[in-house]
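Work through the exercises below with the sequence and the model side by side, and try each one before reading its solution.

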Amino acid sequence: MKARLGLLNAVDPGVTEQEVFRLALHHAATELGALGGMVHFSGPMSALRLVSATGIPPALTRLWEIVAQDGASAPARAVQLGGPAWVPADPEASAEFSASAWPGTGSAAVPVFGGDHAVGAFTVLTGDGGEPTEEQWAFLRAVTDWVEERVGQAPPPARPPQRNWNSSRVREALEEVQVGSWEWGIQSGGLYWDEAAMALCGVDPADFVPRIETFMKAVHPDDLPWMLAEVERSIRDRTLYQAEFRIRRPDGSTRWTQARAKVVPDDEGEPLRMVGGWWGTEESHSARDALARALRHMSDGFLALDDDWRIVFANLEAERTLGSLEEELLGRILWELPRIRQVRGLEERCRSAAAAALPAGFDIRIPDTGRCYHLRLVPVPEGTTCYCADVTEIRRNEAEREAAERAAAQRSARIAELTTDLAMATTSQDVADAVARRVMQPFGAVGLIMQTIEGDRAHTVGAVGYPGEFLDRLDGALLREATPVWDSLLQGAPVFLSSAEEYAARYPGYADWPREVGKQSWAFLPLTAAGRVLGSCTISFDHPCRLTGEERALLIAISGLVAQALDRARLYDSVHTRAQELQRGLLPRVLPQLPACASAARYLPAGHDMEVGGDWYDVIPLSSGQVALVIGDVMGHGLSEAATMGRLRTAVHTLADLELPPDEVMGRLNDIVSDLGEDSYATCLYAIYDPTTLLCTFVRAGHPQLVVVHPDGSVHIPEQAPDPPLGAVEPPFETVELPLPEGSLLVLYTDGLVESARRDFDEGLACLTGLLDTAHSGGLDQVCDVLMTGLLPADQQDIDDDATLLVVRVHALRPDQIASWELAEDPRAAGEARKHVREQLAEWDLDELTMSTELIVSELVGNVVRHAKGPIQLRLLRSAELVCEVSDGSLTTPHIRRATDTDEGGRGLQLVAALCQRWGTRYTPTGKCIWTEQALPSL
């Protein structure tokens with residue numbers, strides 16, 4: 001018994017009343033070994049009506065369809081007593097319950113409660129006629145309790161669809177139909193029918209029993225539950241009673257009828273009687289039945305729903321779709337069905353469509369079946385009709401067609417994008433990148449190799465999806481006849497290989513290549529433009545793939561576009577490479593190693609789509625350990641700008657050798673740029689650093705500021721109003737003298753380093769100074785790398801302007817490396833000079849240079865005494881060379897001249913030039929200085 005109760009309790013709440021009754025009767029009859037069972041419920045008509053039965057033949061069930069509530073049957077007694085009732089088999093009982101009708105059976109009934117009173121009875125018919133045991137009575141009570149609980153949770157009974165009987169056509173039809181009248185005494189149970197009502201039911205007036213049970217027995221059992229519910233509602237709410245139901249005539253036929261009535265109260269307002277009319281509707285139902293049959297068997301699912309979204313009709317296809325039989329669906333709210341609950345948001349969409357009072361359609365997918373249905377909701381006066389068509393295949397075909405169309409559209413779009421990219425490509429690498437970006441994905445390819453042909457060798461210009469070792473072996477390889485690339489080039493037609501087996505069969509010498517590179521199929525496309533073979537493009541796949549005719553034709557068309565782009569790119573590559581070589585050739589290959597400073601530089605040309613520019617830099621050694629630092633930028637890009645840069649760099653070297661001051665050098669450069677034309681401009685910064693005075697003297701024309709980092713890490717930008725660029729400025733230039741501590745860092749740069757489309761100049765300069773704040777103490781190469789990486793990251797180095805950087809760390813000559821003397825302005829000056837030289841060289845351990853240096857200073861000081869004016873100063877510098885300087889107050893420049901045999905003079909400077917490596921003259925604020933350089937003796 002416990003097991004059966006456990007099974008009942010496992011039933012989901014919300015099943016229909018009929019399913020509740022069927023399960024309860026089945027388990028009760030089986031457990032008690034009974035012949036069958038019944039469930040009766042009371043109604044407003046003072047009788048118990050049969051609502052469910054099991055195990056009883058239909059012919060005998062009719063005897064129990066209506067049971068007098070005040071009778072002696074087991075169901076009636078259980079309701080009267082409010083407890084168990086047992087009626088044994090009794091041969092002398094009334095004919096209605098005679099032993100002949102129920103041979104050898106007894107009836108055991110327990111009441112079904114609704115609130116605090118019995119509303120029905122649960123009855124089983126025992127086979128042996130014995131009364132149930134105490135344990136069996138307890139089981140029946142437990143089953144009845146389960147029935148009471150689940151009936152309260154069940155949806156209300158379904159009623160068939162109702163016609164709109166208020167329409168004009170129906171009223172006209174009713175006028176042609178005889179209408180019977182009836183009156184029911186609610187309190188007494190008496191019933192009055194007129195002749196028309198009796199004729200409607202086929203009842204002989206002589207056999208008519210004027211009790212309400214007569215009417216209840218006439219109503220079809222399937223329609224009785226909801227019809228009685230309408231009666232109860234009319235009595236309770238004092239509303240008009242209206243119902244359409246079937247009646248069973250004595251000859252066994254059924255007929256559709258409709259009744260309307262109103263409740264008449266007594267003096268105290270209690271329901272006294274119900275008075276109404278009754279007429280047949282068989283003709284309208286014939287049409288409706290035909291329509292129902294058509295709806296029942298239509299190919300699409302069909303549901304009729306009332307205003308509360310309860311199902312009142314479902315055809316066969318709807319049953320299959322919802323996974324339930326019609327009797328399980330009728331009366332159920334649509335949202336409570338298991339399959340419907342799986343469809344998220346369906347209730348909200350349906351209610352929204354109903355609220356709009358307009359037909360609406362949308363697709364839904366039922367998860368447990370995976371099928372897709374198109375739902376169409378059509379509002380009707382009494383609810384909503386729902387059409388449900390299985391569109392799984394249609395939607396799948398549509399999805400496949402749309403996917404194919406999308407793929408074709410995407411492929412066309414990518415080809416258009418490829419055409420655009422190829423038109424914009426400037427280098428061979430750009431062409432390869434465009435093919436990899438726009439062709440591989442639409443075809444599902446995983447590998448690409450693009451090669452150019454130079455003579456009888458192939459050179460790789462771009463590749464994707466191949467090991468580096470394989471590409472290294474392939475690059476520069478000699479073309480051979482037994483390769484697919486060679487075959488495609490020789491035939492001038494593509495070679496398609498759909499599998500590794502096909503590859504090995506055609507090219508057995510390279511059968512191991514597919515396994516080595518992990519590819520399974522290929523398209524080898526020759527790249528030919530203007531009748532010339534330029535190269536080959538290989539597209540590969542990681543799975544066997546037989547390309548369709550359309551795909552092959554498309555690849556052939558693409559190869560033509562790629563060949564034309566590659567032809568243009570190779571021309572550009574040639575010109576650009578020569579221009580780059582020219583530009584780099586004009587820049588210093590190696591910066592000089594000088595005692596006055598250490599230097600490092602970086603140059604980054606503009607992106608591939610830009611022509612060569614005019615940035616340059618230089619470090620130029622000067623006399624007496626001084627050094628000239630220069631950086632400049634010719635505005636614009638192109639070969640003419642690069643040539644201008646070369647001319648300016650050459651001019652700077654020439655002017656630096658003349659030992660001109662920075663402002664004069666800048667003035668001469670301005671003349672050169674101005675002579676090039678009105679549209680020629682250049683920026684420049686020229687500086688001279690003297691390690692003996694630690695002064696940096698510089699001039700700038702339109703160029704970015706010099707940045708100085710002191711040894712303590714402080715960053716300093718000298719304040720100076722910049723002059724306009726060369727070619728747009730009028731001299732004089734402003735000269736700035738900047739004292740520098742030993743070990744200071746000078747940073748010279750062009751605007752391409754700090755300024756770009758993503759960043760303005762001030763922001764870039766702030767970033768530069770911030771990087772210097774942390775990187776200044778490292779080596780010069782490290783400083784350059786930090787600045788270039790920080791200002792121009794690798795992913796942003798496709799810049800639109802050249803970027804140049806020159807970093808210099810300055811050094812000073814120690815005091816013990818410098819010696820200077822003031823000399824008298826008379827012939828004795830030469831002797832004093834020789835004495836100072838001997839003593840100082842002896843102190844520096846440079847005795848080997850004493851004689852030559854004495855001769856040099858004697859000649860230079862003697863020339864000053866004879867041809868110039870004082871004051872006279874002698875200075876010796878010991879650095880990488882021995883520097884000897886003689887200064888005076890005259891601006892007269894000495895020149896070497898060829899002396900004849902009879903000339904008494906003119907041989908002094910020839911002697912000086914022979915004794916030293918270099919000599920020259922530079923102007924000072926007070927006159928001039930003649931200097932010489934001698935190599936130090938080897939240690």
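**Exercise 1.** Which residue in β2 does His40 stand opposite?

*Solution.* His40 stands opposite Leu50 in β2. This is a predicted model, in which local features need pLDDT of at least 70, side-chain atom pairs count only at pLDDT 80 or more, and totals for chains, interfaces and linings use all residues. Residues are numbered from 1 along each chain as its sequence is written, and side-chain values use heavy atoms, with hydrogens and water left out. The strands β1 (residues 36–42) and β2 (residues 47–54) are antiparallel and share six bridges; strands are DSSP runs of E with at least two residues, helices are runs of H or I with at least four, both numbered from the N terminus, and two strands pair if DSSP finds at least two bridges between them.

**Exercise 2.** Describe the setting of Arg875.

*Solution.* Arg875 belongs to strand β33 (residues 872–878). Its relative accessible area is 17%, so Arg875 is buried, a term that means under 20% relative accessible area, with exposed over 50% and partly exposed in between (1.4 Å probe, protein chains only). Leaving aside neighbours within four places in sequence, Arg875 has contacts (heavy atoms within 4.5 Å) with residues including Ser624, Thr692 and Glu885.
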